[in-house]
Amino acid sequence: MVAAATLCPAVYATEAAEAPEAEAEAVAEAAAEAAPQQSDVEKVLAKMPKISGYLQTGWNFTSDKNKSTSSFQAKRLRLIMDGNVGPKVAFRLQIEAFNGIKGSTNGNGQKNIQVMDAFATYTVSPAFKVRAGQFYTPLGYENYDISPATLETVDFSNIVYRIACRNPYEYNLVDYGRDLGVMFMGDLGDSGKGFKYFHYDVAVTNGSIPCKDDPNNTKDIYVSATIRPFKNFNIKGTFNWGEYSSQALAGGTGAVAPTGVNKYNPMTRCVVGAWYNDPNGLDVRGEYGFMKSKVDGNKVVDENGAYALVGYHAGKFLPLVRWDMYKDKMNETAAGNNYNRILVGLTYQPISNVKVQLNYGHYMYDEDKTGLKSSEQVQLMGLFKF
């Protein structure tokens, strides 16, 4: 019929006017015949989850008045699987193959495999989604809105490492900022310019170590709101409250109140910040966070930190500078917990799946309390996505 229409347009036009449904059917049949037929293997592959990931590896050098270290590092090897369980249900699994958390390495101190994410998300509408499983909590930009693959620097600030990815009671060392639970989230207010004015997250989680059951009966509560008044700019605030058990694990001993071990030590965490990021220009972000706990009127946890980052997207290059600080008022003699740092960096991204980052960091400590005045760090890392 299509060939006849080409040779006899006048006749075809008359038939089409008299029987439009027949014409539509004929066109659909012709398109179906012309479309390439999928093999059984191709049909199976089309239904399989998408597999992606990235490797971050390179060289790290640190130096202070007492010692220096120089080592090649495999910082991260993430394997990610994304798929659809149904029309409105998506699933994600993310594995970290170079987990080096103290206490979780093998007997020789070698890194091992760790489940990062294992969650399903049910989308009722863009304004209301439900997520269940083990997921990253919405505490701050760097733990929720940014990943190592999109971070401007090699390492995150201590807003992430000591507040979002660490619980002084449950696990007193850096973890991954993940937890088991359920989260409700959504975007509201269509700007008509490709973004929503408001995003929210409300989560109820164990408040314990990822991949482990909750040791007490209370749950963590997270409430987070992001306001986007105009394109490329937003303001975010997150509040977290929970009660925790003091634990002594292979990775580190949890904080203990002066009155003794308690399964229900209360603690609050809060992070607020602002971010302007033009993909073809200025990138400015800053955050402040604190973590506090009192048990029977006695302070057990009292920490706060902040950072400010300024960079500029200049084609394939992103030069930047970042200041960050951290204070642990319950452990003021630990240099690693109390410092100011100036970081100067340059990211080069020759293609979308590859970036090379050179970072220099100068740490400044309170010499009167630690005996250590400063230290230096140089990192040269490549990140390769697939």
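A residue is called buried here when its relative accessible area is under 20%, exposed when it is over 50%, and partly exposed in between, with a 1.4 Å probe and protein chains only. Keep that scale in mind as we walk through this model, which is predicted: local features need pLDDT of at least 70 and side-chain atom pairs count only at pLDDT 80 or more, while totals for chains, interfaces and linings use all residues. Residues are numbered from 1 along each chain as its sequence is written, and side-chain values use heavy atoms, leaving out hydrogens and water.

Let's start with the overall picture. The protein has 386 residues, and 41% of them count as buried. Its secondary structure comes to seven helices and 18 strands; these are DSSP runs numbered from the N terminus, with helices (H or I) of at least four residues and strands (E) of at least two.

Now to the strands. Two strands pair if DSSP finds at least two bridges between them. Strand β3 (residues 89-99) runs antiparallel to β4, and nine bridges join them; Leu-93 has Ala-118 of β4 as its bridge partner. On to the next pair: β4 and β5 are also antiparallel, with seven bridges, and a hairpin through two residues connects them. Within this pairing, Thr-121 stands opposite Arg-131 in β5.

What lies inside? A nonpolar core is a set of buried Ala, Val, Leu, Ile, Met, Phe, Trp, Tyr and Cys residues joined through side-chain atoms within 4.5 Å. The largest one has 29 residues, of which Ile-163, Tyr-169 and Val-300 touch the most other members. Two or more residues come from each of β5 (128-136), α6 (158-164), β6 (178-190), β12 (265-277), β13 (282-295) and β14 (298-312). A second, separate core has eight residues, among them Ile-146, Leu-151, Phe-156 and Val-160.

A salt bridge means a side-chain nitrogen of Lys or Arg within 4 Å of a carboxyl oxygen of Asp or Glu, and the count comes to 16. In one of them, Arg-78 meets Glu-96 with the closest N and O atoms 2.5 Å apart. Arg-78 lies in strand β2 (residues 68-84) and Glu-96 in strand β3, so this pair ties together parts 18 residues apart in sequence. Arg-78 and Glu-96 are both buried.

Another salt bridge, between Glu-303 and Arg-166, spans 3.0 Å from N to O. Glu-303 sits in strand β14 and Arg-166 in the loop between α6 and β6, 137 residues apart. Glu-303 counts as buried because its relative accessibility is 3%, and Arg-166 does so because its value is 6%. Salt bridges that share partners join Arg-162, Arg-166, Glu-303 and Asp-328 into one network.

Phe-184 is in strand β6 and counts as partly exposed because its relative accessibility is 31%. Beyond its neighbours within four places in sequence, Phe-184 is in contact (heavy atoms within 4.5 Å) with residues including Phe-128, Tyr-200 and Val-202.
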